[in-house]
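Subject: Handover of a structure and findings

Dear colleague,

Please find the structure below, followed by an account of what was found in it.

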Amino acid sequence: MSPASERAPAKVNLYLHVTGRRPDGYHELDSLVVFAGAGDVLHHTAAPDLSLALCGGEAEALAAEPDNLVLRAARLLAGAAGVPARGALRLEKHLPVASGIGGGSADAAAALRLLNRCWGLRWPEERLLPLAAQLGADVPVCLSGRAARMSGIGEVLAPAPVLPSAGLVLANPRRPLSTPAVFRARGMVGFSAPAALPAGWGDAATMARDLGTCGNDLEPPALRLCPEVGMVLTALRAAPNCLLARMSGSGATCFGLFPDAATAATVAAGLPAAWWRWGGGFTAGVSSLYSAAEPAGA
Ligand code: C5P
């Protein structure tokens, strides 16, 4: 990867509890967020004006959006730093849009990291975090790219428990889901308590057993809006050696947790290719789970 590129890895919510609702309508969450090897890539070339070109198999869905989060991130950083917003950006879009794995948030976070370097600002992560929070609830966690326990509306980050190595299959039924629509469909049901987690797990099976007692509170409303989520979960749960299968974020992408990446790859090969070979061939949906000590972008 050239110095003028940044990876934008997919985030996965291993569980997601909705713990409250603020007066402004945002929901308070408790979630364990990890990162996958799969992701978008953002490139920068020096240019007098700011521009963004899209490429990659999932670019078409994004082209329709009038104000891409990458450009918003660039303008926000330029304004905060008092520098001109310039540079030709190119986004390789591999992650499905509106799919619960934070593609747009990861892209915005990558833009902050990349332009911080390319514009010679050298701001530490703490100084970029408030800008990330302005861009979206998932952008702060994506800024570090490290596994984290997320609370508040997404802006309060604490270190994740020590994670075991594990394999992940990310499977998406190819139906975009709008995050506000899923929160709305959740309706007026009660709230969950934050999860009680140990300091760490030595192996994936133990982690899956503990996380099995948690849930994703957005899964029931997402299932009502997109019944295909149920097909994906059923297929993952039926796969040999599946330790845990659950939806990520507001969906519709689901993850299957397996003892290792090789097992995950074998399982993915038995699923419909469209679910995990995103962008017409890119094998984005299979990877390892990255631990707190090993940023996914490294
Ligand atoms: O912050 P972001 O733009 O990603 O959020 C999209 C929408 O998802 C919000 O407008 C809100 O409806 C919902 N949301 C929420 N609580 C959160 C995060 C998002 O209600 N913690």
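How do the residues of the shell around the ligand divide into nonpolar, polar and charged? There are 6 nonpolar, 4 polar and 1 charged, where Ala, Val, Leu, Ile, Met, Phe, Trp, Tyr, Cys and Pro count as nonpolar, Asp, Glu, Lys and Arg as charged, and the others, Gly among them, as polar. Please note that this is a predicted model, in which local features need pLDDT of at least 70 and side-chain atom pairs count only at pLDDT 80 or more, while totals for chains, interfaces and linings use all residues. Residue numbers start from 1 along each chain as its sequence is written.

Ligand surroundings

The residues around the ligand are Tyr26, His27, Leu29, Gly136, Ala137, Asp138, Ile153, Gly154, Thr179, Pro180 and Phe183; a residue is near a molecule if its C-beta atom, placed from the backbone, lies within 6 Å of it. Strand E2 (27–45) and helix H6 (179–186) each contribute at least two residues to this shell, and H6 provides the largest share, 3 residues. Helices (H or I, at least four residues) and strands (E, at least two) are DSSP runs, numbered from the N terminus. The ligand lies between domain 1 (5–158) and domain 2 (162–290), because both give residues to the shell; the domain bounds come from an automatic or database domain assignment.

Strand E5 and its partners

E2 and E5 (residues 148–151) run antiparallel and are joined by 3 bridges; two strands pair if DSSP finds at least two bridges between them. Met150 in E5 stands opposite Ser31. E5 also pairs with E6 (residues 156–159), in the antiparallel sense, over 4 bridges, and Val156 in E6 is the bridge partner of Ser151. The hairpin of E5 and E6 has 4 residues between the strands, and Gly152 takes a positive phi near 65° there.

In a regular strand the side chains alternate between the two faces of the sheet. A residue is buried if 20 or more other C-beta atoms, placed from the backbone, lie within 10 Å of its own.

Helix H3

In H3 (residues 103–118), 14 of the 16 residues are buried. Gly120, with a positive phi near 70°, follows H3.

Yours sincerely

Definitions and conventions
Buried ≥ 20, exposed ≤ 12 C-beta atoms within 10 Å, placed from the backbone.
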